[in-house]
Amino acid sequence: MTARPLPRAVVPAVVSVVAAATLVTVLLLAAGSAVAGDGDGRPAAGAAAVPDGASIALAPVAAAWPTGYAVSGTKSEPLYVEHITSLRDGDRFTLTIDVESQGESALGVQHGAVELDPDGRVSWMEGCTKPAAECADDPGLRGFLAQAALLGALQRGVLAADATGTARTLHGHPVVCVSDRMLYPASPPTVDGLDPCFSIATGALLGHWSTPSSAFVGPTLADGLVDQPR
């Protein structure tokens with residue numbers, strides 16, 4: 001699969017970020033090992049990785065993402081479990097959440113879908129609960145569909161070409177966490193300090209890092225998640 005092209009304005013700035021790009025190269029080698037390893041996006045034994053907490057350039061990571069992924073996993077709450085499936089097919093991103101109670105009773109299935117427009121806008125195709133104007137152009141798309149928001153922000157220049165994220169590891173999966181305030185300057189966060197974290201291998205959102213807690217919290221997939229390019 002080919003990576004989604006970035007705007008022409010991004011390229012010169014990316015080339016200039018030599019140190020950060022070097023770190024990203026190591027991360028991408030780890031991601032490549034994951035694809036060829038156990039099949040769920042985890043790095044193979046002995047794969048090189050950037051240390052957690054290191055700063056890495058976003059643009060070259062995003063440029064290397066495939067145009068499709070399949071992610072599945074669970075998110076447990078005290079009284080129920082969410083079985084989550086997140087898919088990307090080109091510019092379309094879909095999400096299915098099947099909710100099950102402690103007694104294994106079905107509580108309902110939620111569906112959502114967004115599309116990344118050529119101009120970098122994010123449009124809801126299914127499942128939008130926001131006002132109509134935001135469904136047609138959502139400046140604050142958060143949650144498991146947020147890769148569309150990140151790619152759109154890079155395309156529109158909301159994120160600078162030399163923007164950086166923070167390397168972390170979620171259940172053995174290398175991720176890059178992006179400041180919520182930097183990604184959504186026009187949409188204040190509901191919970192301050194909760195940053196989205198994207199798979200280095202596929203770009204799918206796998207969880208959220210809490211700066212105040214120094215831990216993964218909130219909308220975050222549990223151990224055992226599957227993260228595959230397609």
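In this predicted model, the largest nonpolar core takes in 48 residues. Those with the most contacts inside this core are Phe93, Val114, Leu141, Leu159, Leu183, Phe198 and Leu206.

Leaving aside residues up to four places away in sequence, Phe198 touches a whole list of partners, including Trp65, Pro174, Leu183 and Gly203. Also among them are Val175, Val176 and Val178, along with Ala204 and Leu205.

Strands of a sheet pair through backbone hydrogen bonds, in either a parallel or an antiparallel way. Here, six strands line up in the order E1-E7-E8-E9-E10-E11 to form an open sheet, and the pairing is antiparallel. At the edges sit strand E1 (55–57) and strand E11 (215–217), each of which pairs on one side only. Going from one strand to the next, the twist averages 45°. Looking at one of these pairings, E1 meets strand E7 (residues 164–170) in the antiparallel sense over three bridges. Within this part of the sheet, Ser55 stands opposite Thr166 in E7.

Finally, a word on confidence. The protein chain has a mean pLDDT of 84, with 79% of its residues reaching 70 or more. Residues 1–37 are another story: the pLDDT there is below 50. Even so, this stretch has 67 contacts in the model beyond near neighbours in sequence.

Key:
Residues numbered from 1 in each chain as written. Predicted model: local features only at pLDDT ≥ 70, side-chain atom pairs only at ≥ 80, totals over all residues. Heavy atoms only, no water. Core = buried A, V, L, I, M, F, W, Y, C linked by side-chain atoms within 4.5 Å. Buried < 20%, exposed > 50% of the residue type's maximum accessible area, 1.4 Å probe, protein only. Contact = heavy atoms within 4.5 Å. pLDDT = per-residue confidence, 0-100. Pairing = 2+ DSSP bridges. Helix = DSSP H or I, 4+ residues; strand = E, 2+ residues; numbered from the N terminus. Axes fitted to C-alpha atoms, helices over the stretch in contact; angles between N-to-C directions.
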